[in-house]
Amino acid sequence: MPAPMKTARRVLLVASAVVSSLALTAPLSHAAPKPSPSTSPSATPPAGMSTVGGERLGQAGTQVNLASGVPVLPKDLTARSWVIADAESGDVLAAHNAHWRLPPASTMKMLFADTVLPKFPKSVEHKVVPSDLADVGAGSSMVGIKEGETYSVHDLWLGVFLRSGNDAVHVLSKMNGGIDNTVKEMNEHAEELQALDTNAVSPDGYDAPRQVSSAYDLTLIARSGLQKKDFREYCSTVTAKFPGSTSKKKGKSVRETFEIQNTNRLLAGDSDIPVYQGIAGVKNGNTTNAGATFTGVAERNGKVLLVTVMNPEKSEHNEVYKETARLFDWGFQAAGKVQPVGELVPPKSAAQASAQPGSNSSGEAGGTGDAEKSSKSAVGASAASGSTGIGVALGITGGALVLLAAGAFLINRRWPLPDLVRRRGRS
C-alpha cells in the first residue's frame, strides 16, 4: 500500500475511534458479545466466532488475500490457530481460525504481566511466606522461589518471563491482593483491550476449566504489553542471575545466585532450532490440555511483526517455534504486498482523554513517566543489572507516533525493539 494511502487509512482509523468514544450508548460495530467459555475446547472451530477486528477473522479456516507478488503461505502448518499481524499498524496479514477459543497455557502470563507489572516498583522487596506458594498447581513450571527468602519485584518478573515460573506469578498475585483479585483485574483488562475471547481462571495459565483465549487475543495482548518498557525488557532478556538460598559462611549471611535462561527457543535457541533473526520476545507456553502455544515479536528491515501459534498437531520437537519461524518468514516477505484480512483493534478507552498529568504512561513497573517525551529520543539500554541478553531501546526514532486522546493508546508506533542481527551466532 503506498505511504499516502496508509497515512490516510490510519487517520481514518483515529477519527473512527474518536467518533466511537462519543457514542457512549452505542456498541462498537466490530465487537461481538463475549461468549460463555466452554468447559473444554472444541475439536473443530465453531461455526460462529467473534468478528472483532473484521468479518473474515470470524470465519473458520485460513484467511489471506493472495495476489500477484504475494508469496504462498507455508504448506506444512499444523497449528489449530495462528495469526500474523503488523505490530505497528495493527494490520492482520493472514490468519487461521483467529478467534477459536483455546487453552492458552503460559501465554496467559502476558495478560498477567500487562495487568500487574505497572503496579510495583522494581526495587520493592517481598519476603515469601508459605501461603504465597500454597496453591501453585502440581507439575507447574517453577523458577525456584524459596519460603523465607526475600526477592525484589525485578527478580520475580525475571522468573515470570524467563522461566515461566508459576511460583513467581503466585507471589506477585498475593502481593496484588490475592489470586482472585488478580484474575478479576486480568479479565477486566482483557475486556478493556477488547480481547473478548479471553477468560482467565488462573493468573499463570495453568490448565483449568473455562480458561481460554485465542490467537487473535494473545496477539492483541502482546501488542499492548510491548508498549511497556519493562515488559519489553523482561520478554527480551535471554539469561539472568536469580537469587538462590541464603547460607552462613564464616559467620556472614551469603545469598547464592544461579543462572536462568529464557525458555523461548526462538530467543535462546536450541539443538534443533537457531535463534531467529530479529526476535525480541514474547512468551511461550505448554501444558497437557493446551499443547504448545507461542506469541512472538520480531523486527527485520524496519518492519515489526507479531505471530501467535496455538497447538500444532505435529508432535516434532520445538514444532511451535518452527511453525512460528515459517510464518515470520512469510510475513516479512509479504509485508507491503498483501492486503490485510483484518486489524488489531485498539482498547475501548483509546479515544477517551484518559491520560492525566502524573499518570503512569511509561509502562515502567510502578513508575511515572511521559510516553510522548520518551518518543523524542532513542536511548539504548541493556537489560537490568544482573541480567544479560538483548539491549532494550528506551525511545522511538523518527517521531512517527500517533497519540489518541492525549496518549491513551499508541497507534502507528515504531516500538523500540533491539537489533538482534549483531547478536552472537550459533555454532
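Me: Which residues of α7 are buried?
Reply: First the term: buried means under 20% relative accessible area, exposed over 50%, partly exposed in between (1.4 Å probe, protein chains only). Here the buried residues of α7 are A215, Y216, D217, L218, T219, L220, I221, A222, R223, S224 and G225. Helix α7 spans residues 215-225 and is mostly covered, with 11 of its 11 residues buried. Helices (H or I, at least four residues) and strands (E, at least two) are DSSP runs, numbered from the N terminus. This is a predicted model: local features need pLDDT of at least 70, side-chain atom pairs count only at pLDDT 80 or more, and totals for chains, interfaces and linings use all residues. Residues are numbered from 1 along each chain as its sequence is written, and side-chain values use heavy atoms, leaving out hydrogens and water.

Me: In which sense do β6 and β7 pair?
Reply: Two strands pair if DSSP finds at least two bridges between them. Strand β6 (residues 237-249) and strand β7 (residues 252-261) pair in the antiparallel sense, over 9 bridges. K248 stands opposite S253 in β7.

Me: How many residues lie between β6 and β7 in the hairpin?
Reply: There are 2 residues between them. In the turn, K250 has a positive phi of about 55°.

Me: How do I read α2 against α4?
Reply: Two packed helices are described by the angle between their axes and the distance between the axes. The axes of α2 (residues 108-116) and α4 (residues 153-163) come within 11 Å and cross at roughly 155°. Therefore α2 is roughly antiparallel to α4. Axes are lines fitted to C-alpha atoms, for helices over the stretch in contact, and angles run from 0 to 180 degrees between N-to-C directions. Angles under 35 degrees count as roughly parallel, over 145 as roughly antiparallel, 65 to 115 as roughly perpendicular and the rest as oblique.
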